Amino acid sequence: MSRHFDAAETRSSEARAEDIAQALPAQIARAQALPGYAGTLDRVEASKITCVADLAALPVLRKSDLGKAQGASAPFGGLTTLAPSGFAHIFQSPGPIYEPGRVDHDWWRMGRVLAAAGIGQGDIVQNCFGYHLTPAGMIFESGARAVGAAVLPAGTGQTELQARAAHDIGVTAYAGTPDYLKIILDKAEAMGLKLGITKAVVGGGALFPSLRAEYADRGIVCLQSYATADLGNIAYESTAMEGMIVDEGVIVEIVTPGTGTPVAEGEVGEVVVTTLNPDYPLIRFATGDLSAVLAGQSPCGRTNMRIKGWMGRADQTTKIKGMFVRPEQVAQLVARHDEIIKARVIAARAGEMDTMHVQIEATGGDEDRFAASIADVLKLKGTVEIVAPGSLPKDGLVIEDQRSYE
């Protein structure tokens, strides 16, 4: 059922590496020419950034950086190679953050997602992502256009009308949040309408196994996509349903939260993406999402790297004793001492008081010296425990909140 979108999906690892070695330096050079990257990529020799590992030397770009850049140079912060009028759409996300969009050449790269779900010519997609200001509706419509499917631009709400339209038009596929499809199906059932939806691509929320199983019982194959307003498609499921396959138009790194340091394969970390889109060259853009690399290749024949899917948020900022402790501060603590490999801050309660315990993976060192650095960097005093290298959990957490809020 899963269709390959193009030959890029089944390239050998050697061919993919060769293509990246050509595309990546050109993308870095493009970014260097933009005013939004002034002061961050100036000393980078673009011709020497030819593989994923080379990216680790470059700074990470965060959502907050976009907001600051756009505040100084509206609407896109000097990070696009086209003027605002050169795009087909200008979207607004909360913040506000403005994102560009085009409708040509499957700009968001979503055709790959729909093809993997078996959606193509002859299908009618009920697109229940929002079309108002935010880009999700147009992102998925672009994908449907790329695979030759027709679209019912439904957006959200008016469930009774949506159920009626799905029946009357003969909708065969759904795009939207995971739970809204169930609302439409239940409404149609209550109205005595038989729907022909057999395929679904969902995003924007968690697809719980029980919900996927319910859709399967109703004859619907439901697959997850992972995309953002800034980057477009990042990764997607195929009918093999073994992890999410990284899109061919981006380069994904998994790094320690709060830093740009890549983690070992299989460890949980923050998803950092470099897009190869020449119109909007985001370099090492931190998504704030947690995931991990899944070893091996998908049984569906697609050969790119896989990730395990969404595993939580990387922003672990936690208030302890009335003070915010941020992942970036934990990273500063680690960087301050050569002996420290990794650190983990644990927030807990003793009686009615907050406590802070800091576990430090180190090859040596002195607890008192580490405690002084903790007080200086985190602005809080806490107990210190030196643990053996490799003993801290590999779950992506640098701040663990053990307090109960129930």
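Contact here means heavy atoms within 4.5 Å. With that in place, isoleucine 28 touches Val44, Ala46, Ile49, Leu55, Leu58 and Ile283, residues up to four places away in sequence not being counted.

Before I go on, the basis. This is a predicted model, in which local features need pLDDT of at least 70 and side-chain atom pairs count only at pLDDT 80 or more, while totals for chains, interfaces and linings use all residues. Residues are numbered from 1 along each chain as its sequence is written, and side-chain values use heavy atoms, with hydrogens and water left out.

Back to isoleucine 28 and the core. A nonpolar core is a set of buried Ala, Val, Leu, Ile, Met, Phe, Trp, Tyr and Cys residues joined through side-chain atoms within 4.5 Å. Buried means under 20% relative accessible area, exposed means over 50%, and partly exposed is in between, with a 1.4 Å probe and protein chains only. The largest nonpolar core has 62 residues, and Ile28, Tyr37, Ile119 and Val252 have the most contacts inside it. Helix 4, residues 136–147, gives the most to this core, with 5 residues. Helices (H or I, at least four residues) and strands (E, at least two) are DSSP runs, numbered from the N terminus. There is also a second, separate core of 23 residues, which includes Val171, Tyr180, Leu193 and Leu211.

Tyr180 comes up again in the helix packing. Helix 5 (residues 159–169) and helix 6 (residues 180–190) pack at an angle of about 75 degrees, their axes 9 Å apart. That makes helix 5 roughly perpendicular to helix 6, a label that covers 65 to 115 degrees; under 35 is roughly parallel, over 145 roughly antiparallel, and the rest oblique. Axes are lines fitted to C-alpha atoms, for helices over the stretch in contact, and angles run from 0 to 180 degrees between N-to-C directions. Helix 5 makes the contact with Thr159, Glu160, Gln162 and Ala163, and helix 6 with Tyr180, Ile183, Ile184, Lys187 and Ala188.

Next, the aromatics. Rings of Phe, Tyr and Trp (its six-membered ring) pair if their centres lie within 6.5 Å; planes under 30 degrees apart count as stacked, over 60 as edge-to-face and the rest as tilted. By this rule there are 5 aromatic pairs. One of them is tryptophan 107 with tryptophan 108, edge-to-face, at 4.8 Å centre to centre and 85 degrees between the planes. Both residues are buried: the relative accessible area is 8% for tryptophan 107 and 2% for tryptophan 108. Ring pairs link Phe76, Phe87, Phe91, Trp107 and Trp108 into a cluster.

Now the backbone. Which residues does a cis peptide bond join? Alanine 74 and proline 75, with omega about -5 degrees; glycine 95 and proline 96 are also joined by one, again with omega about -5 degrees. Proline 75 sits in the loop between helix 2 (63–72) and strand 1 (89–93), and proline 96 in the loop between strand 1 and strand 2 (97–101).

Histidine 105 is not a glycine, yet has a positive phi of about 60 degrees. Arginine 109 also has a positive phi, near 65 degrees. Histidine 105 is exposed at 76% relative accessible area, whereas arginine 109 is buried at 13%.

Last, tyrosine 236 in strand 8 (residues 232–236). Tyrosine 236 is buried, with a relative accessible area of 0%.
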